Amino acid sequence: MKVLVTGNAGFIGFHTARRLLERGDSVVGIDCVNDYYDTTLKESRLQELHAAAAETGSPYTFIRANLADRATIEHCFSEHRFDRVIHLAAQAGRL
């Protein structure tokens, strides 16, 4: 199964993407990795996802982008044929 996980550098998105890789799914993660909280932690999570993909042999692609960038999102959906989308991108306290 090919799954898009938005917000995959965040806590819940990271754990979701990792579990999908562990079960053998193909994962495309998208996150803007902004500085709302520690970017070092987010970058570490992304490295862990790449390592999990290498360990499991599951395909993993990361796209560093903001979901508000319509052209990038349209390109993502035209390039990848997703079976599922798990939308976890969010930023508490900001409109």
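Contact here means heavy atoms within 4.5 Å. The legends below describe close-up views of a predicted model.

**View 1. The largest nonpolar core, with 14 residues.** Val5, Leu21, Val27, Leu46, Leu49 and Tyr60 are the members that touch the most other members. At least two residues of this core come from each of E1, helix H1 (11–22) and helix H2 (39–56).

**View 2. Thr6 in strand E1.** Strand E1 covers residues 2–6, and Thr6 is found in it. Thr6 has a relative accessible area of 3%, and it is buried because the limit for that term is under 20%. Leaving aside neighbours within four places in sequence, the residues in contact with Thr6 are Ile30, Leu67, Ile86, His87, Leu88 and Ala89.

**View 3. The polar contact between the side chains of Thr6 and His87.** The distance of this side-chain contact is 2.8 Å. His87 has its place in strand E4 (residues 84–87). In sequence, His87 and Thr6 are 81 residues apart, while in space they are 5.0 Å apart, C-alpha to C-alpha. With a relative accessible area of 54%, His87 is exposed, whereas Thr6 is buried at 3%. Once neighbours within four places in sequence are left aside, His87 is in contact with Thr6 and Leu67. Leu67 is also listed among the contacts of Thr6.

**View 4. The aromatic pair of Phe77 and Phe82.** The structure holds 1 aromatic pair. Its rings, those of Phe77 and Phe82, are 5.2 Å apart, centre to centre. The angle between the planes is 75 degrees, so the pair counts as edge-to-face, a class for planes over 60 degrees apart. Phe77 has 39% relative accessibility and counts as partly exposed. Phe82, at 16% relative accessibility, counts as buried.

**View 5. Lys42 over the ring of Tyr37.** Lys42 lies over the face of Tyr37. The distance from the ring centre is 4.6 Å.

Key
Residues are numbered from 1 along each chain as its sequence is written. This is a predicted model: local features need pLDDT of at least 70, side-chain atom pairs count only at pLDDT 80 or more; totals for chains, interfaces and linings use all residues. Side-chain values use heavy atoms; hydrogens and water are left out. Rings of Phe, Tyr and Trp (its six-membered ring) pair if their centres lie within 6.5 Å; planes under 30 degrees apart count as stacked, over 60 as edge-to-face and the rest as tilted. Buried means under 20% relative accessible area, exposed over 50%, partly exposed in between (1.4 Å probe, protein chains only). A charge sits over a ring if NZ of Lys or CZ of Arg is within 6 Å of the ring centre and within 35 degrees of the ring normal. Helices (H or I, at least four residues) and strands (E, at least two) are DSSP runs, numbered from the N terminus. A polar contact is a pair of N or O atoms within 3.5 Å; within protein, one must be able to donate a hydrogen and the other to accept it, and residues adjacent in sequence count only if both atoms are side-chain atoms. A nonpolar core is a set of buried Ala, Val, Leu, Ile, Met, Phe, Trp, Tyr and Cys residues joined through side-chain atoms within 4.5 Å.
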